[in-house]
Amino acid sequence: MKKRTLFSLLAILILLGVYSYEYFLAEEESAIIISEGQTTKTDTNEYFLPSSTTGQVVHHKGYSLSYSEAHEQSEWVAYELKKAHLSNTNHKRPYFEIDKAVKSGAANWRNYKNSGYDRGHLCPAGDRRFTKEAHDETFLTSNISPQEHSFNSGIWNKLEQKVRYWAKKYDGVFVITGGVLNGDMKSIGDENVSVPNQFYKVLIDVNSGDTKMIGFLLPHQDSDKPLYEFVVSVDKIENLTGIDFFPELEDLIENKLEASSSYKAWSFN
């Protein structure tokens with residue numbers, strides 16, 4: 001009986017040791033991933049990155065983001081879409097994965113299950129088809145926001161296609177995308193992922209001569225209106241979100257471009 005008790009205690013101690021070691025390794029791996037997310041050399045030009053109202057900026061290879069723990073999604077995702085990035089390659093669609101580089105913990109994809117909302121990409125997979133790695137990286141949960149299907153596949157998709165058109169025409173554009181995370185919003189899932197009432201895109205072109213900027217603010221519903229009817233000044237989006245979109249730009253240039261809601265310099269044909 002004493003031997004059995006001794007063997008049982010030894011077995012418990014071994015199991016506790018194995019569990020503790022695995023837990024230590026998991027914690028160490030998590031710390032490394034989070035650290036890499038803050039220091040990773042990204043393809044995104046950090047000069048054009050917006051300010052973060054949350055203090056939680058993560059850099060992935062193909063895009064950067066500012067994560068809002070309060071709303072369990074990014075307040076912005078920013079990336080460069082170069083002409084060379086445009087590709088028609090079709091990669092196999094991967095499963096969504098939790099972004100382990102988000103220190104506070106990114107939302108689980110299960111929040112979206114049976115919610116009635118799409119997992120709406122902020123950096124579209126269609127903008128990152130040039131390699132499988134870049135494509136698959138867009139399926140992290142930090143890069144999605146709840147979107148009604150008719151909106152996601154309708155006017156929002158139309159705007160994403162227009163951005164690709166401009167990237168080709170102007171030899172690349174810098175893109176910033178997010179939901180407006182304030183006001184009275186619905187939420188989904190156990191983690192209360194906020195459902196934005198509006199979504200925005202801000203673009204800057206510095207490659208085709210004079211620097212130009214354009215902002216879009218779309219109600220979270222499908223529409224048959226032409227895209228130019230959703231053009232607003234970047235100042236308006238800044239006032240709604242509290243984000244300073246181009247803090248590194250020279251003040252005179254920034255103030256002039258952000259105050260304008262003109263779309264004449266951008267081709268809508």
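What percentage of the 269 residues of the chain count as buried? In this predicted model, the share is 46%.

1. Overall content. The chain holds six helices and 11 strands. Among contacts between residues at least 6 apart in sequence, 67% join residues at least 24 apart.

2. The sheet. Seven strands form an open sheet in the order S1-S2-S3-S6-S9-S10-S11, and the pairing is antiparallel. The edges are taken by strand S1 (57-59) and S11, each of which has a single partner strand, so one side of each lacks a neighbour in the sheet. Strands of a sheet pair through backbone hydrogen bonds, in either a parallel or an antiparallel manner.

3. Strand S3 and its partners. Nine of the nine residues of strand S3 (residues 73-81) are buried, so S3 is largely enclosed by the rest of the structure. Five antiparallel bridges link S3 to strand S2 (residues 64-68), and the pairing of Ser68 with Gln73 is one of the bridges concerned. Strand S6 (residues 173-179) is likewise joined to S3 by five bridges, the two strands running antiparallel; here Val77 has Thr177 of S6 as its bridge partner.

4. From S6 to S9. S6 is also connected to S9, through six bridges, in the antiparallel sense. Val175 stands opposite Leu203 of S9. Helix H5 packs on the sheet, where it touches S9, S10 and S11, and its direction makes about 50° with that of S10.

5. The buried side of H5. Which residues of H5 are buried? They are Val234, Ile237, Glu238 and Thr241. These residues span an arc of only 105° around the axis and therefore lie on the same side of H5. An α-helix has 3.6 residues a turn, so residues three or four places apart point the same way. The cover over the buried residues of H5 includes strand S9 (198-205), strand S10 (212-219), strand S11 (231-232) and H6. After H5 comes Gly242, with a positive phi near 80°.

6. Packing of H5 with H6. Helix H5 (residues 234-241) and helix H6 (residues 251-259) pack with their axes 6 Å apart, at an angle of about 90°. Angles of 65 to 115 degrees count as roughly perpendicular, and H5 and H6 are therefore described in that way. H5 contributes Val234, Asp235 and Glu238 to the contact, while H6 contributes Glu254, Glu258 and Ala259. Two of the residues in this contact are nonpolar, none is polar and four are charged. Of the H5 residues named in the contact, Val234 and Glu238 also belong to the buried set of that helix.

7. Most residues other than glycine have a negative phi. Glu72 is not a glycine, yet its phi is positive, at about 55°. Glu72 lies in the turn of the hairpin that S2 and S3 form, with four residues between the strands. Is Glu72 buried or exposed? Glu72 is buried, its relative accessible area being 6%. Asp171, also not a glycine, has a positive phi of about 60°. Asp171 is placed in the loop between helix H4 (155-169) and S6, and at 48% relative accessibility Asp171 counts as partly exposed.

Key. Residues are numbered from 1 along each chain as its sequence is written. This is a predicted model: local features need pLDDT of at least 70, side-chain atom pairs count only at pLDDT 80 or more; totals for chains, interfaces and linings use all residues. Side-chain values use heavy atoms; hydrogens and water are left out. Axes are lines fitted to C-alpha atoms, for helices over the stretch in contact, and angles run from 0 to 180 degrees between N-to-C directions. Angles under 35 degrees count as roughly parallel, over 145 as roughly antiparallel, 65 to 115 as roughly perpendicular and the rest as oblique. Contact means heavy atoms within 4.5 Å. Ala, Val, Leu, Ile, Met, Phe, Trp, Tyr, Cys and Pro count as nonpolar, Asp, Glu, Lys and Arg as charged, and the others, Gly among them, as polar. Buried means under 20% relative accessible area, exposed over 50%, partly exposed in between (1.4 Å probe, protein chains only). The arc is that of the directions from the helix axis to the C-beta atoms. Two strands pair if DSSP finds at least two bridges between them.
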